[in-house]
Amino acid sequence: MGSAGVHIVCVALGVMGLVAGIVCCAVPRWKVSSFTGQNIVTAQMNQDGLWMSCVVQSTGQQQCKRYESLLILGADLQAARAMTIVSCFICSVSILILFAGSDFTTCVENEDAKPKITLVAGIGLLLSGIVLIIPVSWSAHNTIRNFYSPLVTQKQELGACIFVGWAGSVLLILAGGLLCCFSRIRSGSSGGTAKYYSNSASAPNSNYV
């Protein structure tokens, strides 16, 4: 696959990872009520997110309420608020940088600068994926721990946003890794070509002597 094809794939992966991060930040599905054991309640289901908590009735009616205070949330969701926003911001900037330095655009005409620009974009996508996977895994760990704890009466399970966050972080890390590896290979190959020409240029001088 050519360099332009790799850049197109990485842009697609980055966009999908960005959409996953936005979904995790906006949709209130980080924790949902569990209907196992003695917690069999079919009348309503609770859904907790980063910004609001929703109650879904058996009739399909949904009522959501924003959290009155940040202190109501646990430490994992408090950190998730900031880290998901930071991840989406870094991912957006990295995608714009990748567009500017990719081989399928003409925003940057200097061919020697394009590998450096794509390397910066790759590092940004890697960082955004790591920043996204930390709060998602932290929240999943706390949810699973509370689920098996006998001291917690109201059990909760992993919501859809946890799995979306894991998938999005993997896509971002994959895109960043591809860009970092590809940029490093291109810069190494150009250096080897320059060294070859310098050796060939010095060879005729020795023949004249």
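Which strand pairs with strand β2 (residues 44-48) over five bridges, and in which sense? Strand β3 (residues 52-57) does, in the antiparallel sense. The legends below start from the whole chain and then move to close-ups.

This is a predicted model, in which local features need pLDDT of at least 70 and side-chain atom pairs count only at pLDDT 80 or more, while totals for chains, interfaces and linings use all residues. Residues are numbered from 1 along each chain as its sequence is written, and side-chain values use heavy atoms, with hydrogens and water left out.

**View 1. The protein chain holds four helices and five strands.** From the N terminus on, the elements run α-β-β-β-β-α-α-β-α. Helices (H or I, at least four residues) and strands (E, at least two) are DSSP runs, numbered from the N terminus. Buried residues make up 37% of the 209 residues in the protein chain. Buried means under 20% relative accessible area, exposed means over 50%, and partly exposed lies in between (1.4 Å probe, protein chains only).

**View 2. Five strands form an open sheet.** The strand order is β4-β3-β2-β1-β5, and the pairing is antiparallel. Two strands pair if DSSP finds at least two bridges between them. β4 and β5 (156-158) stand at the edges. Each has a single partner strand, so one side of each is left without a neighbour in the sheet. From one strand to the next, the twist averages 25°.

**View 3. A hairpin joins β2 to β3.** Three residues make the link. M45 stands opposite V56 in β3. Q44 has Q57 in β3 as its bridge partner.

**View 4. β3 and β4 form a hairpin with four residues between them.** Strand β4 (residues 62-66) runs antiparallel to β3, and five bridges join the two. V56 stands opposite Q62 in β4. V56 also has M45 opposite it. In the turn, G60 has a positive phi of about 100°.

**View 5. Strand β1 (residues 31-33) and β5 pair in the antiparallel sense.** Three bridges hold this pairing. K31 stands opposite L158 in β5. β1 is also joined to β2, by two bridges, and these strands run antiparallel. There, K31 stands opposite D48 in β2.

**View 6. Helix α2 (residues 75-101) packs with helix α3 (residues 114-147).** Two packed helices are described by the angle between their axes and the distance between the axes. For α2 and α3, the angle is about 160° and the axes are 8 Å apart. That makes α2 roughly antiparallel to α3. Axes are lines fitted to C-alpha atoms, for helices over the stretch in contact, and angles run from 0 to 180 degrees between N-to-C directions. Angles under 35 degrees count as roughly parallel, over 145 as roughly antiparallel, 65 to 115 as roughly perpendicular and the rest as oblique. α2 passes α3 in a left-handed crossing. A crossing is left-handed if the near helix is turned anticlockwise from the far one by less than a right angle, and right-handed if clockwise. By class, the contact of α2 with α3 has 21 nonpolar, nine polar and two charged residues. Here Ala, Val, Leu, Ile, Met, Phe, Trp, Tyr, Cys and Pro count as nonpolar, Asp, Glu, Lys and Arg as charged, and the others, Gly among them, as polar.

**View 7. Helix α1 (residues 3-26) packs with α2.** Their angle is about 160°, and their axes lie 9 Å apart. That makes α1 roughly antiparallel to α2. The crossing of α1 past α2 is left-handed.

**View 8. The structure holds two aromatic pairs.** In one of them, the rings of F147 and Y148 have their centres 5.2 Å apart and their planes at 85°, so the pair is edge-to-face. Rings of Phe, Tyr and Trp (its six-membered ring) pair if their centres lie within 6.5 Å; planes under 30 degrees apart count as stacked, over 60 as edge-to-face and the rest as tilted. F147 is partly exposed, at 22% relative accessible area. Y148 is exposed, at 65%.

**View 9. F163 and W166 form an aromatic pair that is edge-to-face.** The distance is 5.8 Å centre to centre, with 80° between the planes. Both residues lie in helix α4 (residues 160-208). Being three residues apart, F163 and W166 are separated by about one helical turn. F163 is partly exposed, with a relative accessible area of 46%. W166 also counts as partly exposed, at 28% relative accessibility.
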